[in-house]
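Thanks for coming. I will go through one structure today, one region at a time. Please look at the sequence and the model while I talk.

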Amino acid sequence: MKAEVDQNSCIGCGLCESICPLVFGMQDDVAYVKVDPVPEDARESCQEAADSCPVSCIIISE
Ligand code: F3S
């Protein structure tokens, strides 16, 4: 599993980092992905972060 953030669309709400801090971090009020691939034990929370992003700018692929 791979996660990407469309940084042009991110509004910096920080929800992804609070839901899945293993995968997402914040820099200059924009989210970024810390790890590739997504660790096995973070898959569920990573998907939840993507589903929760208010502007749907987290892209998950296998
Ligand atoms: Fe940005 Fe969405 Fe995270 S707006 S900070 S990628 S929850």
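Val-5 is found in strand β1, where helices and strands are DSSP runs numbered from the N terminus, helices being H or I with at least four residues and strands being E with at least two. This is a predicted model, in which local features need pLDDT of at least 70 and side-chain atom pairs count only at pLDDT 80 or more, while totals for chains, interfaces and linings use all residues. Residues are numbered from 1 along each chain as its sequence is written, and side-chain values use heavy atoms, with hydrogens and water left out.

Is Val-5 buried or exposed? Val-5 is buried, because its relative accessible area is 16%; buried means under 20% relative accessible area, exposed means over 50%, and partly exposed is in between, with a 1.4 Å probe and protein chains only. Val-5 and Val-30 are 25 residues apart in sequence, and their C-alpha atoms are 9.1 Å apart in space.

Val-5 also belongs to the largest nonpolar core, which has 17 residues. A nonpolar core is a set of buried Ala, Val, Leu, Ile, Met, Phe, Trp, Tyr and Cys residues joined through side-chain atoms within 4.5 Å. The members that touch the most other members are Val-5, Cys-20, Val-23, Phe-24, Val-38, Cys-46 and Ile-58. Strand β1, residues 2-5, and helix α2 each supply at least two residues of this core. The largest share, three residues, comes from α2. As background, in soluble globular proteins nonpolar side chains tend to be buried together.

Staying with α2, Ala-50 is placed in that helix. Ala-50 counts as buried because its relative accessibility is 9%. Its C-alpha atom is separated by 9.5 Å from that of Leu-15, which is 35 residues away along the chain.

Ala-31 is in strand β3, and with 1% relative accessibility Ala-31 counts as buried. Between Ala-31 and Glu-17 there are 14 residues of separation in sequence and 7.6 Å in space, C-alpha to C-alpha. Gln-27 is in strand β2, and Gln-27 is exposed, at a relative accessible area of 53%.

Now the loops. Which residues have a positive phi although they are not glycine? One is Asp-29, with a phi of about 65 degrees, and Asp-29 sits in the loop between β2, residues 24-27, and β3. Asp-29 counts as exposed because its relative accessibility is 62%. Another is Ser-56, with a phi of about 50 degrees, in the loop between α2 and β4, the latter being residues 58-61. Ser-56 is exposed too, with a relative accessible area of 59%.

There is also a cis peptide bond to point out. It joins Asp-36 and Pro-37, with omega about 0 degrees. Pro-37 is found in the loop between β3, residues 30-33, and α2, residues 43-52.

Last, the ligand. Where does the ligand sit? The ligand sits in the largest cavity. On a 1 Å grid over the protein atoms alone, a cavity is a set of points where a 1.4 Å probe fits but cannot get out, and a molecule sits in one if more than half of its atoms lie within 2 Å of its grid points.

There are 14 residues around the ligand, and Cys-10, Ile-11, Gly-14, Cys-16 and Cys-53 come nearest; a residue is near a molecule if one of its heavy atoms lies within 4 Å of it. The shell divides into 12 nonpolar residues, two polar and no charged. Here Ala, Val, Leu, Ile, Met, Phe, Trp, Tyr, Cys and Pro count as nonpolar, Asp, Glu, Lys and Arg as charged, and the others, Gly among them, as polar.

Cys-10 is buried, at a relative accessible area of 17%, and Cys-16 is buried at 10%. How many disulfides does the structure hold? The structure holds zero disulfides, a disulfide being a pair of cysteine sulfur atoms within 2.5 Å.

How values were computed:
1 Å grid on protein atoms, 1.4 Å probe; cavity = no way out; pocket = protein on both sides within 12 Å on 5 of 7 lines; lining within 4 Å.
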